[in-house]
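Me: Please give me a close look at a single part of this model. Show how that part sits against its neighbours, then widen the view.

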Amino acid sequence: MNPEKLQPGAPALEKGLDLLEALAGASRGLSQKQLAECVGRSVSEIFRMLVALERRGYVARDPATGEYTLTLKLFRIASQFPPTERLLKAALPVMEQLASRVQLSCHLTVLHGEQFMVIARIEPEWLMGWSVKVGAVFPLTQQYASAKVLAAFQLEGRRQELAHVIAEHDRISAKKALAALDRISSEGGNFSNDDGYTRILAYSCPIIEASGRAAAALTVPLVRQDRIPANEADTIAAELRSAARIVSEKIGGVA
């Protein structure tokens, strides 16, 4: 007998989770018809669930187009989860000082399954720059410094698993992906952008928890209105390393 058939079901919950996952994976709003197609159900089947999700504040409906999008409620709930709350409490003051010193934005990311998510962002008092949206989710690929750092500083089993995710996304061998992670581990973070993959020039350091794995990555995109000289880039790297070490110590991790 199939063990799955012995498990008790919760059809309404499954339906709601299907809708939330479909909206989370969409790059724009979706209509009821599009959502129904995504989850393999009829419009009438999902109508009441969408009404309930909207009433509870998990989704929002555009009155002009009728399209549904996720709100930030799920992100706010996740931010209240004790480990995340503790991480943010430790990191935000340090991030504010870092952004002020290097005059660049910085952001904090965490693993999110086989992706990574931005959970905090600080911008400096600068006329022009580059930053990412809090709550944004990105794939694990060598295009992003945060992704490489989060994957490189994991315990061995998880590290191997994430290397294969990166290899599949970038269409390279797992051996090559692991070699890139090894380089980042040996350097204590991502401080090189000459690998031919990186999309946005950025420096990134791990926030290390007590187990020795990266609980998060602290990243500074090296994008500004004017060109950043080599000597200033070295200073930025030093400031980032120091900030990451301070946050790691605050959460009881290792530098």
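**Helix 7 and its surroundings**

Reply: Start with the contact between two helices. Lys-148, Val-149, Ala-151 and Ala-152 of helix 7 meet Leu-181, Ile-184 and Ser-185 of helix 9. Contact here means heavy atoms within 4.5 Å. Helices (H or I, at least four residues) and strands (E, at least two) are DSSP runs, numbered from the N terminus. The residues of this contact split by class into five nonpolar, one polar and one charged. Nonpolar covers Ala, Val, Leu, Ile, Met, Phe, Trp, Tyr, Cys and Pro; charged covers Asp, Glu, Lys and Arg; the others, Gly among them, are polar.

The model is predicted: local features need pLDDT of at least 70, side-chain atom pairs count only at pLDDT 80 or more, and totals for chains, interfaces and linings use all residues. Residues are numbered from 1 along each chain as its sequence is written, and side-chain values use heavy atoms, with hydrogens and water left out.

Now the geometry. Helix 7 and helix 9 (residues 174–187) pack at about 85°, and their axes are 9 Å apart. That makes helix 7 roughly perpendicular to helix 9. The perpendicular class spans 65 to 115 degrees; under 35 is roughly parallel, over 145 roughly antiparallel, and the rest oblique. Axes are lines fitted to C-alpha atoms, for helices over the stretch in contact; angles run from 0 to 180 degrees between N-to-C directions.

Two strands pair if DSSP finds at least two bridges between them.

Zoom in on one residue of helix 7. Ala-147 is found in this helix. Ala-147 has 0% relative accessibility, so it counts as buried. Buried means under 20% relative accessible area, exposed over 50%, and partly exposed in between (1.4 Å probe, protein chains only). Leaving out residues up to four places away in sequence, Ala-147 touches Phe-116, Pro-139, Leu-140 and Thr-141. Glu-114 is 33 residues from Ala-147 in sequence, and their C-alpha atoms are 9.9 Å apart.

Strand 4 has six of its eight residues buried, so the rest of the structure largely encloses it. Strand 4 runs antiparallel to strand 3, joined by seven bridges. Met-117 stands opposite Val-137 of strand 5. Strand 3 (residues 106–112) also pairs with strand 7 (residues 214–221), antiparallel, over three bridges. His-107 stands opposite Thr-219 of strand 7.

Two loop residues deserve a check. Gln-103 is not a glycine, yet has a positive phi of about 55°. Gln-103 sits in the loop between helix 6 (82–102) and strand 3. Its relative accessible area is 21%, so Gln-103 is partly exposed. Arg-171, also not a glycine, has a positive phi of about 60°. Arg-171 lies in the loop between helix 8 (156–170) and helix 9. Arg-171 counts as exposed, at 78% relative accessibility.

The protein has 10 helices and seven strands. Of its 255 residues, 42% count as buried. Among contacts with a separation of 6 or more, 54% join residues 24 or more positions apart. The protein exposes about 14,200 Å², and carbon and sulfur atoms supply 53% of that area. Areas come from the Shrake-Rupley method with a 1.4 Å probe; for residues, only the protein chains shown count as cover.
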